[in-house]
Amino acid sequence: VAAALAAAGAPMLGCGGDALRMHDTAAPGAPDIAFTFGVGEVYAMRADGSGRVRLTRGPVDPLAGTGDSGPAWSPDGTTLAFVRTRRLGFDDSRSRVYLLGPDGGRPRALTAGADGVSVYDPAWSPDGRRIAFVRSTETESAIVVAEVDGGGERVLRSERRDPETWNDLWGPAWSPDGTRIAYTLRRLDGRYHFRPSLYVMDAA
């Protein structure tokens, strides 16, 4: 099973999940890699593979695609962003970006969840004040930036999705000075092959 890895800019100590505290599963030292196995629960471990701890506890159903994914440390290594997907009904699946602080406890939702809306690929700005992510529906794929302090969201790039083009945006990544964002645009060509291209845009 593929693992999604996110390296921290600095070691983190004391991160927990829903009703989970680091001291409940403490290991010597501080974990510096967060990862998931597909969609499930977020774990952390040191770069040498030791000291593995579970950071989140959420409802997990691999067949329904529900659980936690996409972990990303803040630049100072004290806060974890991740995506939690839940199924509220037979055809109602919702995902949101959550933030988990150094004191553990319950994660705080950064984005609002809505029926038919998926979010993924959260990426911190270098100053730790904003998070870029992809928001996707059946008709649109967009790169959005949210203020960590709850100051609102801005759509930086939006692509229409339809059966003929099926445009998808992926993997926003900030430049070191925080002024630009690189991302991938994947288009479906006339031969029904997906063609990815790399773009850079102004973060403002």
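1. Tyr-43 is buried in this predicted model, with a relative accessible area of 19%. The value falls under the 20% limit for burial, so Tyr-43 counts as buried and not as partly exposed. Phe-35 is buried as well, at a relative accessible area of 4%. The two residues form an aromatic pair: the ring centres of Phe-35 and Tyr-43 are 5.9 Å apart and the planes stand at 25 degrees, so the pair is classed as stacked. The angle is under the 30 degrees required for that class.

2. The number of aromatic pairs comes to 4. A pair of this kind is described by the distance of the ring centres and the angle of the planes. Besides Phe-35 and Tyr-43, the rings of Tyr-120 and Trp-170 may be noted; their centres are 5.0 Å apart and their planes meet at 40 degrees, so this pair is tilted. Tyr-120 belongs to strand E9 (residues 118-124) and Trp-170 to strand E13, so the pair ties together parts that are 50 residues apart in sequence. As to accessibility, Tyr-120 is buried, with a relative accessible area of 17%, whereas Trp-170 is partly exposed, with 34%.

3. Two arginine residues are placed over tyrosine rings. Arg-84 lies over the face of Tyr-98, at 5.5 Å from the ring centre. The charged end of Arg-157 sits over the ring of Tyr-199, 5.2 Å from the centre of that ring.

4. The protein chain as a whole contains 15 strands and 0 helices. Of its 204 residues, 43% are buried. Among the contacts with a separation of 6 or more, 41% involve residues 24 or more positions apart.

5. Strand E13, which holds Trp-170, belongs to an open sheet of 3 strands in the order E13-E14-E15, with antiparallel pairing. E13 and E15 are the edge strands, each pairing on one side only. On average, neighbouring strands of this sheet are turned by 20 degrees against each other, direction ignored.

6. Which strand is joined to E13 by 5 bridges? The partner is strand E14 (residues 180-188), which runs antiparallel to E13. Two facing positions can be named for this pairing: Asp-168 stands opposite Arg-186 in E14, and Ala-173 has Ala-182 in E14 as its bridge partner. E13 and E14 form a hairpin with 5 residues between them. In the turn of this hairpin, Gly-178 has a positive phi of about 75 degrees.

7. The pairing of E14 with strand E15 (residues 194-202) is also to be noted; it is antiparallel and extends over 9 bridges. Ala-182, the bridge partner of Ala-173, has Val-200 as its bridge partner in E15. E14 and E15 likewise form a hairpin with 5 residues between them. Tyr-192 in the turn has a positive phi of about 65 degrees.

8. Asn-167 is found in the loop between strand E12 (153-160) and strand E13 (168-174). Is Asn-167 buried or exposed? Asn-167 is buried, with a relative accessible area of 5%. Its side chain reaches the backbone oxygen of Arg-160 at 3.1 Å. Leaving aside neighbours within four places in sequence, the contacts of Asn-167 include Ser-141, Glu-159, Arg-161 and Leu-185.

9. Arg-161 is placed in the loop between E12 and E13. At 11% relative accessibility, Arg-161 counts as buried. Which side chains make polar contacts with that of Arg-161? One is the side chain of Ser-136, at 2.8 Å; another is that of Asp-168, at 3.1 Å. Arg-161 and Ser-136 are 25 residues apart in sequence, and their C-alpha atoms are 9.2 Å apart in space. Leaving aside neighbours within four places in sequence, Arg-161 is in contact with residues including Thr-137, Glu-138, Thr-139, Glu-140, Ser-141, Trp-166 and Asn-167.

Terms used: Residues numbered from 1 in each chain as written. Predicted model: local features only at pLDDT ≥ 70, side-chain atom pairs only at ≥ 80, totals over all residues. Heavy atoms only, no water. Helix = DSSP H or I, 4+ residues; strand = E, 2+ residues; numbered from the N terminus. Buried < 20%, exposed > 50% of the residue type's maximum accessible area, 1.4 Å probe, protein only. Polar contact = N/O pair within 3.5 Å; in protein donor to acceptor, adjacent residues only side chain to side chain. Contact = heavy atoms within 4.5 Å. Phe/Tyr/Trp six-rings, centres within 6.5 Å; stacked < 30°, edge-to-face > 60°. Lys NZ or Arg CZ within 6 Å of the ring centre and 35° of its normal. Pairing = 2+ DSSP bridges. Axes fitted to C-alpha atoms, helices over the stretch in contact; angles between N-to-C directions.
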